[in-house]
Amino acid sequence: MTSHSQADSRQPDQNAKNITRKKGSRQSLGETAWTVVAGLCLLTALVPLFLVIAYVLVQGFSRLDVAAFTRLPPPPLSANEGGFANALAGTLIMVAIGALISVPFGVLAAIYLAEFSSGQIPRWIRFATNVLSGVPSILMGVFIYGLLVLPFFGFSAIAGGAALAVLMLPIIVRTTDESLQIVPQSVRWASLGMGASKFQTVLRVVLPAALPAIATGLTLAVARAAGETAPLIFTALFAQYWTDDLLSPIASLSVLVYNFAAVPYENQRELAWAASLILVLIVLLTSILSRWATRKQVY
Amino acid sequence: MTAPAYNDSSQAAIPARSGQSKWLDRGFRIVTQGFALAVAAVLVIIGIQVTINAWPAIREFGLSFIYTSAWNPVESVYGALPMIYGTLVSSFIALLLAFPLGVGTAIFLSEDFLPAKIRTPLAFMVELLAAIPSVVYGLWGIYVLIPFLKPIGGWLHDTLGWFPLFRTDYIGPGMLPAGIILTVMILPVITAISRDSLTSLPPSLRQASMGMGATRWTTIFRVLIPAGISGIIGGTMLALGRALGETMAVTLLIGNSNNFNISILAPANTIASLMANQFAEASGLQVAALMYAGLVLFLMTLIVNVLAELIIRKLKPY
């Protein structure tokens with residue numbers, strides 16, 4: 001069945017006969033059976049992906065009109081269909097705040113890990129980063145709730161953005177660290193050999209070389225943050241209306257989906273599906289884009 | 001680090017590095033080190049922060065919080081046993097289903113059953129499962145998965161109703177749909193890490209096994225899986241950590257019942273969904289109790305994730 005046994009059977013050498021596997025023997029049937037089982041595992045794994053995407057497309061697309069992007073969320077049972085304009089803006093604002101905090105933070109930390117590391121400290125930091133990326137996102141919301149919401153800002157876009165920053169941080173550190181390590185050592189030597197300082201080498205030579213991979217990491221982090229709900233219900237809450245400052249509760253697409261998912265009102269449920277479609281599209285596009293971008297390497 | 005200083009007179013044209021440049025280098029190193037240490041510190045501060053917020057409840061209930069099952073905001077008595085049970089059981093259901101599916105998928109995608117041109121996009125699609133937002137899985141689960149599971153749940157109750165796990169009738173939201181949605185969400189984690197560890201094995205292992213006359217599947221079961229076991233187990237542990245802390249999809253599907261019920265067909269609750277549900281309306285001791293539950297969740301995921309990291313690092317034979 002396998003290409004291996006077919007190759008054997010092409011040699012009708014008398015001595016080789018004993019070690020030739022026969023087609024249809026119990027052994028080769030077992031081989032086929034296992035292959036089929038493994039293939040079925042793959043098919044089963046892919047079924048939910050298609051079902052989720054198909055449902056979100058079908059349910060969401062009918063409601064994806066101009067009003068969805070320009071109006072505010074509708075009250076229940078109103079004739080006004082409404083939209084998620086303020087939620088879309090809220091998601092963009094908070095993801096931007098998250099990126100503004102986590103990118104410089106994460107990239108600088110990764111530069112230390114990849115460029116200056118020696119001894120045990122970087123090992124522990126990498127370990128802690130990996131563990132941090134496994135901390136449930138809801139606890140990051142709780143953390144920011146205790147750190148910023150209670151003592152300072154109240155439920156706000158800043159707190160929401162900070163929670164998303166904690167979520168994005170380990171992703172950015174890890175991808176930047178990995179992409180800096182891929183830059184060949186010879187490039188650094190060449191730069192230092194030309195008389196550049198370490199600072200110049202990192203900033204002018206190594207970072208630009210790693211930039212596409214770093215951008216990919218950022219894209220993945222943004223995609224992850226855009227769909228996150230749990231940390232936001234502790235930090236940003238939700239708002240029915242436009243929010244005009246960064247210190248009051250603010251709407252987001254994911255919390256809108258959560259709030260409207262199980263309500264008995266048709267107009268709000270339809271909007272939940274449409275918002276889901278936007279979230280899924282963001283995630284699919286960024287994933288495919290980042291996959292495409294990593295193909296091009298500088299070195 | 002620093003450019004070599006040339007004392008040779010023929011090299012005198014190269015000026016020594018200025019003090020400013022040296023200070024810049026040193027300062028840069030210190031700044032980056034500070035940020036790197038801060039990343040690690042975030043993990044510690046999360047733990048401290050949650051503990052501080054939970055302190056009133058810790059003082060009030062002590063360890064009894066973990067093994068009592070009253071969740072009564074009216075009388076200010078809190079016990080998290082039903083949620084701890086729900087967290088563990090829903091994650092266990094997910095592992096039970098996702099482990100064989102994930103490892104099978106990983107094997108299928110790491111061997112050359114399909115040409116590489118088809119295999120790579122398929123692996124990418126499995127990874128996309130991890131990218132879909134949790135709340136979208138929740139929405140989908142309410143309208144598609146729960147109705148779909150109705151006949152299966154009904155059949156489980158009718159034929160195996162004598163068994164405590166299937167004692168109650170399937171009413172919709174409950175442990176079973178939550179476990180299934182978690183299966184879908186952790187499957188890509190197990191698959192991706194198992195596949196990585198299988199494909200990174202040295203080719204000589206496979207060649208040696210084939211050369212000894214082993215069939216493909218004998219090679220897989222006796223040589224490749226034992227060699228890649230650290231990645232498979234580590235990936236499964238990471239997936240478990242993810243399942244324990246997953247919030248939105250579970251909250252929308254589990255039914256959020258704070259009463260202890262052993263049946264997986266009945267509504268239940270997890271620590272994460274308890275927090276997501278009650279936090280907005282909570283005040284006083286209830287907030288502390290929710291934080292205490294969060295601390296329990298933090299410690300559970302911390303242990304699982306640390307073990308996963310150690311397994312992936314330490315058990316690497318090749």
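Predicted model: local features only at pLDDT ≥ 70, side-chain atom pairs only at ≥ 80, totals over all residues.
L237(A) is buried, with 20 other C-beta atoms within 10 Å; a residue counts as buried if 20 or more other C-beta atoms, placed from the backbone, lie within 10 Å of its own, as exposed if 12 or fewer do, and as partly exposed in between. Residues are numbered from 1 along each chain as its sequence is written, while chains are lettered from A and ligands numbered from 1 in the order in which they are written.

The backbone of L237(A) adopts a positive phi of about 55 degrees, although L237(A) is not a glycine. This residue is located in the loop that connects helix 10 (230-235) and helix 11 (253-261) of chain A; helices (H or I, at least four residues) and strands (E, at least two) are DSSP runs numbered from the N terminus. In chain B, N256(B) likewise is a non-glycine residue with a positive phi, of about 50 degrees. N256(B) is found in the loop between helix 10 (248-253) and helix 11 (271-278) of chain B, and is buried, with 20 C-beta neighbours inside 10 Å.

Helix 10 of chain A also contains P231(A), a buried residue with 31 other C-beta atoms within 10 Å. When residues up to four places away in sequence are not counted, P231(A) touches S137(A), I138(A), M140(A), G141(A), A163(A), L164(A) and L167(A); two residues are in contact if their C-beta atoms, placed from the backbone, lie within 7 Å. L164(A) is 67 residues from P231(A) along the chain, and the C-alpha atoms of the two are separated by 7.3 Å.

Chain B comprises twelve helices and two strands, arranged along the sequence as α-α-β-β-α-α-α-α-α-α-α-α-α-α. The radius of gyration of chain B is 26 Å, well over the 20 Å that the globule rule gives for 318 residues, so chain B is more spread out than a compact globule; the radius is taken over C-alpha atoms, and the rule is 2.2 Å times the number of residues to the power 0.38. The C-alpha trace of chain B spans about 90 × 65 × 35 Å along its principal axes. Of its 318 residues, 48% count as buried. Among contacts in chain B between residues at least 6 apart in sequence, 77% join residues at least 24 apart.

An unreviewed UniProt entry annotates residues 84-308 of chain B as "domain: ABC transmembrane type-1"; UniProt positions follow the numbering used here, feature names are shortened, and annotations may be inferred rather than shown by experiment. This span is 76% helix and 0% strand, with its end C-alpha atoms 21 Å apart. The feature "transmembrane region" is placed by UniProt (unreviewed entry) at several spans of chain B, including residues 122-146 and 214-240. Residues 122-146 of chain B are 92% helix and 0% strand, with end C-alpha atoms 27 Å apart.

The contact between the chains takes 76 residues from chain B and 73 residues from chain A. On the side of chain B that touches chain A, the largest share, 20 residues, comes from helix 1 (residues 19-61) of chain B. By class, this side of chain B has 53 nonpolar, 18 polar and five charged residues, where Ala, Val, Leu, Ile, Met, Phe, Trp, Tyr, Cys and Pro count as nonpolar, Asp, Glu, Lys and Arg as charged, and the others, Gly among them, as polar.
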